[in-house]
Amino acid sequence: MNDTKKTRQLILFILVPLLIMFASLFLGRYPVDLGTVIEILWCKITFQPCTAAEISQTLVWDIRLPRVILGALVGGCLAISGAAFQGLFRNPLVSSGILGVSSGAGFGAALAIILFNYLPTTYIFAFVFGVLAVVFSYLIGRIYSSTPTIMLVLGGVIVSSVFSALISMLKYMADPLNELPAIVFWLMGSLASARFQDIWTAGVPMLIGTLGLLAVRWRINVLSMGDREAHTLGINTVVNKGFIIACATLATAGAVCVSGIIGWVGLIIPHIGRMLVGNDNRVLIPVSFSLGASFLIMVDDLGRLLTGSEIPLGILTALLGAPFFVYLLKKTKGGGW
Amino acid sequence: MSSLLQVQEVSFQYPGALILEQVGFSLNKGEIFCLLGPNGCGKTTLLDCILGWLKPHKGKISLNGTDIGNMSAKTLARQLAYVPQSHERTFPYRVREMVLMGRASYLGPMNSPSGEDMAIADEALKMVGISHLKNRPYTQLSGGEGQLVMVARALAQRSPLVVMDEPTAHLDYKHEMVILETIVDLVKQTGLSVLMATHIPNHCYYFENNGIPTRVGLLKDRHFMGIGRPCEVLTDENLGRLYNVQARIISCDLENGRQLRQVVPISTINRSKNNQGVKN
């Protein structure tokens, strides 16, 4: 690949999600025209008084914008962690939830809904239990002194199934009129409650995780050679694996705690990236973030436009992602698999 | 000649099974040391100890005088590179991306390979003669080409010693020769040292026939039963004891005054006892 093509690609993968984000500000039941949107953005950023209608201001700045930003962060984080885990576990079928972060977070959220029914505590519980689940998986993986990949995966499977059982138990115990629907909706994933304060809180772990993964992305190539080869290539496998797992967990737990469980993005977006730009994680990791962000914002747009009430994200990501993936498979002939 | 690698009285055991008992040898610069021995004799375990992947329970392994127990993976990788017996292929990385991974020990945790690393990778590809493959996904290569990629990756590490674990296993007749020729060229041209586990005694003779300082260690029942030059150690008698195989060493003189030696296996020993009448 020559340099001009590389630069063009880079610009494309930065511009496309930004354009999609901008376009999404217009979409919705209440129409807002281009001039008004730009005016609102401009005067809010520069802290000037705004002349646009109060309702347009609230819609664009307080509802649509945080939702779009959060959608981009969540989609990007799920995809980037999925790509990192696929490399780390040397398995293309692995997704961001492999070490139990999703089921842990699901349990935390369900527990908070039953105990408090107050949104901020739901976020905190989901985040804490998501991280805890990964810590358990990691400790199981460390039963042997090093962390063999297969033991980590096994740990993840064990922890996930325990938390899934606990989620079922909570659903069974929940009040069927209020709590049960809340739990079920949370587990299906949504960005509907997104506000700026969510970005400030959940955005911190998401950004830290993402930046960490971006920093060490080339090392994921080396780790995907397997432990013994990575060691002889000069990499401390235990430290590097631990760091990548920590970053991917922060990013995923941050995403899941505000959005609920959104499947499919962390599995399939990295593969779309592989088909488009190849398997070198130097390129694949950032591209996965860009693709995940674009994909989730578009899916969220459809979710709120298609019908009168919102369709949960977890449903749409699979329904839309699957045919698109098959189309890409056919078009790129699988990209070397 | 100074010794590059020194293995002194190394013992290793898995729970309930002693694999190596007070094993020792040394390897000099520009030399090929071949490990021969039956399946399960501990060749791979010994290599794993030398790679720093397993820790010996007793004994000391030193590279250039430094105990490898005190070396980080990074320092070790600059001294010694590894060509695995069979590499499990996962993602279809391009050949050049594979070879670039050999530069990991020279890069900080946040760095990616630079233009200089790229040049070193390209040179390594050239040395093993597969520059034309550099943009191919390595998962689509044949077994022989794939093994050459592994050799190129080891060369990109720029280490004085390369450890190879049965590098010609599963390769066809021609590609086995290609790997052996590549090793001979590298040792002659760059003064590389090679430690190689193999199942084929003729490999040791091949190196010796090509005028490379070669020694061989015969590993059996946790010990070396002999270490020395192939023409001294690889005798009919020793091969019989090592593998329970009756074999003959055949030699002929070449035009350039060198001797060409080869091992020809005849039969397993138990079988030859039963069939005393076979002519040989």
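Predicted model: local features only at pLDDT ≥ 70, side-chain atom pairs only at ≥ 80, totals over all residues.
I began with a pairing: B:Met164 has B:Met196 in β8(B) as its bridge partner.

β7(B) and β8, residues 193-197 of chain B, are parallel and joined by 5 bridges.

Then I looked for another neighbour of β7(B). Strand β6 of chain B, residues 80-83, pairs with β7(B) over 4 bridges, again in the parallel sense. There I found B:Tyr82 opposite B:Val163 of β7(B).

Is β7(B) buried or exposed? I went through residues 161-165 of chain B: 5 of the 5 are buried, so the strand is largely enclosed by the rest of the structure. I used the cut-off of 20 or more other C-beta atoms within 10 Å for calling a residue buried. I also sorted the residues by face. B:Leu161, B:Val163 and B:Asp165 sit on one side, B:Val162 and B:Met164 on the other, and both faces are covered.

Last, I turned to the contact between the chains. I have 24 residues of chain A in contact with 27 residues of chain B. On the chain A side, α9 (217-223) and α10 (227-232) each supply at least two of the residues that touch chain B. Sorted by class, that side of chain A has 8 nonpolar, 10 polar and 6 charged residues.

Conventions: Residues numbered from 1 in each chain as written. Chains lettered and ligands numbered in written order. Buried ≥ 20, exposed ≤ 12 C-beta atoms within 10 Å, placed from the backbone. Pairing = 2+ DSSP bridges. Contact = placed C-beta atoms within 7 Å. Nonpolar A, V, L, I, M, F, W, Y, C, P; charged D, E, K, R; others polar.
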